[in-house]
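Subject: Structure handover

Hello,

Please find the structure below, with notes on what was found in it after that.

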Amino acid sequence: ARELGSRVVLKILSGEITHKSDVGGVVLNLRSEGELAAAYASLSARLGPRVTVQRQASRGIELAFGCVMDPDFGPLVMVSPGGTLVELFDERQFARAPFGPRQAEGMIRRLAVSRLIDGVRGEAPRNMKAAAQALSDFSLACASLASQVREIDVNPVVVTEAGATAVDALIVPRVAANEEVDA
């Protein structure tokens, strides 16, 4: 935590917990060793001892990237508002992977949340080009991993004036034909 800077985030690290925030598995804005120790004591008592410490991301507009491996169409990539914005904007854009930054920007611009990225009510615009490049790069990764994963969710991707940063991700591996999958 000392190496990461003045503010860090503590997250539960468990293969059993897919949505950390839903179970109180994320503690934000930890600024001291005492706060970090208290947060760890609470998380480990409730959810287990394995955690990760990450640098606190800058505030920005949150997007979500997703990918599923469709048996007929191959990797399908989704972009939507991310984080808490999902509940405000119930919208998504889909495209077959891979695709370039121009198509990625078009997908993002078809979302109402793009107006927030462009800057509204005195807010500075965020880096749309970085968001589009991140989505394009994500589509390339999905296409290259199509034989190894079933789905990938990256949420949130925080878009700031400086760039776009993936804050959390879930990768569901493809299972062998002879393995059972819990539903």
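Two residues count as being in contact when they have heavy atoms within 4.5 Å of each other. On that basis, residues 24 or more positions apart make up 55% of the protein's contacts with a separation of 6 or more. Please keep in mind that this is a predicted model.

Overall picture

The protein has 5 helices and 9 strands. Their order along the sequence is β-β-α-β-β-β-α-β-α-α-α-β-β-β. The radius of gyration is 18 Å, close to the 16 Å that the globule rule gives for 183 residues, so the protein is as compact as a globular protein of that length. The C-alpha trace spans about 55 × 50 × 30 Å along its principal axes.

Of the 183 residues, 34% are buried. The accessible surface of the protein is about 10900 Å², and carbon and sulfur atoms account for 51% of that surface. As for charge, there are 20 positive and 22 negative side chains, and the centres of the two sets are 6 Å apart.

Is strand β1 (residues 8-12) enclosed or open? In β1, 5 of the 5 residues are buried, so the strand is largely enclosed by the rest of the structure. In a regular strand, side chains alternate between the two faces of the sheet. In β1, Val8, Leu10 and Ile12 point one way, while Val9 and Lys11 point the other way. All of these residues are buried, Lys11 included.

β1 pairs with two strands listed here. Strand β2 (residues 26-30) runs antiparallel to β1 and is joined to β1 by 3 bridges. In that pairing, Val8 is opposite Leu30 of β2. Strand β3 (residues 51-55) also pairs with β1 in the antiparallel sense, over 5 bridges. There, Val9 has Gln54 of β3 as its bridge partner.

Strand β7 and its partners

Which strands pair with β7 (residues 149-159)? One of them is strand β4 (residues 61-70), which pairs with β7 in the antiparallel sense over 7 bridges. Within this pairing, Cys67 stands opposite Ile152 of β7.

Strand β9 (residues 169-173) is also antiparallel to β7, and 5 bridges join the two. Asp153 has Leu170 of β9 as its bridge partner.

Strand β8 (residues 164-166) pairs with β7 over 3 bridges, again in the antiparallel sense. Val157 is opposite Ala166 of β8 in this pairing. The link from β7 to β8 is a hairpin of 4 residues.

Ala164

Is Ala164 buried, partly exposed or exposed? Buried means under 20% relative accessible area and exposed means over 50%, with partly exposed in between. Ala164 has 29% relative accessibility, so it counts as partly exposed.

Which residues does Ala164 touch, leaving out those up to four places away in sequence? They are Ala130, Ala131, Ala134, Val157, Val158 and Val159. Among these, Val157 is the residue that stands opposite Ala166 of β8. Ser58 is 106 residues from Ala164 along the chain, and the C-alpha atoms of the two are separated by 10.0 Å.

Regards

Conventions: Residues are numbered from 1 along each chain as its sequence is written. This is a predicted model: local features need pLDDT of at least 70, side-chain atom pairs count only at pLDDT 80 or more; totals for chains, interfaces and linings use all residues. Side-chain values use heavy atoms; hydrogens and water are left out. The radius of gyration is taken over C-alpha atoms; the globule rule is 2.2 Å times the number of residues to the power 0.38. Buried means under 20% relative accessible area, exposed over 50%, partly exposed in between (1.4 Å probe, protein chains only). Accessible areas come from the Shrake-Rupley method with a 1.4 Å probe; for residues, only the protein chains shown count as cover. Lys and Arg count as positive and Asp and Glu as negative; His and the chain ends are not counted. The place of a charge is taken as NZ of Lys, CZ of Arg, CG of Asp or CD of Glu. Two strands pair if DSSP finds at least two bridges between them.
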